[in-house]
Amino acid sequence: MENIYDEVITIICKTLKTDKNGIDENTNLFEDLEIDSLIILEIVNQIEEKWGIKLTDYPQLLDEMETVNSLVEFLKNIEKGE
């Protein structure tokens, strides 16, 4: 099973239809990748499905999506029940 970091990278790359070159834990999803709101929503939808969560239950999710690392840490905390 992939770890959370790999799963997040896979979701981002699949959504952007790109490979992971240039995407790492410090990549800013909004600035570095210039992802627009429709792409963010697609990523959120995939995260919701993968982790069985709803954005309405975790409105801070969008704030935590600034970098890949902050998103991964957020998802780790959810898995721990925090």
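Q: Which helix does Leu75 lie in?
A: In this predicted model, Leu75 is part of helix H3.

Q: Is Leu75 buried or exposed there?
A: Leu75 is buried, because its relative accessible area is 0%, and a residue counts as buried under 20%.

Q: How many residues apart along the chain are Leu75 and Ile53, and what separates their C-alpha atoms?
A: They are 22 residues apart along the chain, and 10.0 Å separates their C-alpha atoms.

Q: Which residues are buried in H3?
A: The buried residues of H3 are Val68, Ser70, Leu71, Val72, Phe74, Leu75 and Ile78.

Q: And what covers them?
A: The cover over the buried residues of H3 includes H1 and H2.

Q: Why does the span of H3 agree with what its twelve residues should give?
A: Helix H3 covers residues 68-79, and at 1.5 Å a residue its twelve residues should span 16 Å; the end C-alpha atoms are 17 Å apart, so the two agree.

Q: What is H3 followed by?
A: Gly81 follows H3, and the phi of Gly81 is positive, near 85°.

Q: Turning to the packing, at what angle do H1 and H3 pack?
A: The angle between H1 and H3 is about 125°, and their axes are 9 Å apart. The two helices are therefore oblique to each other, and their crossing is right-handed.

Q: Which residues make that contact?
A: H1 contributes Ile4, Tyr5, Val8, Ile9 and Ile12, while H3 contributes Val68, Leu71, Val72, Leu75, Lys76 and Glu79. By class, the contact of H1 with H3 has nine nonpolar, no polar and two charged residues.

Q: What about H1 and H2: at what angle do they pack?
A: H1 (residues 4-16) and H2 (residues 37-51) pack at about 140°, with axes 10 Å apart. H1 and H2 are therefore oblique to each other.

Q: Is the crossing of H1 and H2 left-handed or right-handed?
A: The crossing of H1 and H2 is right-handed.

Q: Which residues of H1 and H2 make the contact?
A: From H1 the contact is made by Ile4, Glu7, Val8, Ile11, Ile12, Lys14, Thr15 and Leu16. From H2 the residues are Ile39, Glu42, Ile43, Gln46, Ile47, Lys50 and Trp51.

Q: How many nonpolar, polar and charged residues does the contact of H1 with H2 have?
A: The contact of H1 with H2 has nine nonpolar, two polar and four charged residues.

Conventions: Residues numbered from 1 in each chain as written. Predicted model: local features only at pLDDT ≥ 70, side-chain atom pairs only at ≥ 80, totals over all residues. Heavy atoms only, no water. Axes fitted to C-alpha atoms, helices over the stretch in contact; angles between N-to-C directions. Helix = DSSP H or I, 4+ residues; strand = E, 2+ residues; numbered from the N terminus. Parallel < 35°, antiparallel > 145°, perpendicular 65-115°, else oblique. Left-handed = near helix turned anticlockwise from the far one by under 90°. Contact = heavy atoms within 4.5 Å. Nonpolar A, V, L, I, M, F, W, Y, C, P; charged D, E, K, R; others polar. Expected span 1.5 Å × (residues − 1). Buried < 20%, exposed > 50% of the residue type's maximum accessible area, 1.4 Å probe, protein only.
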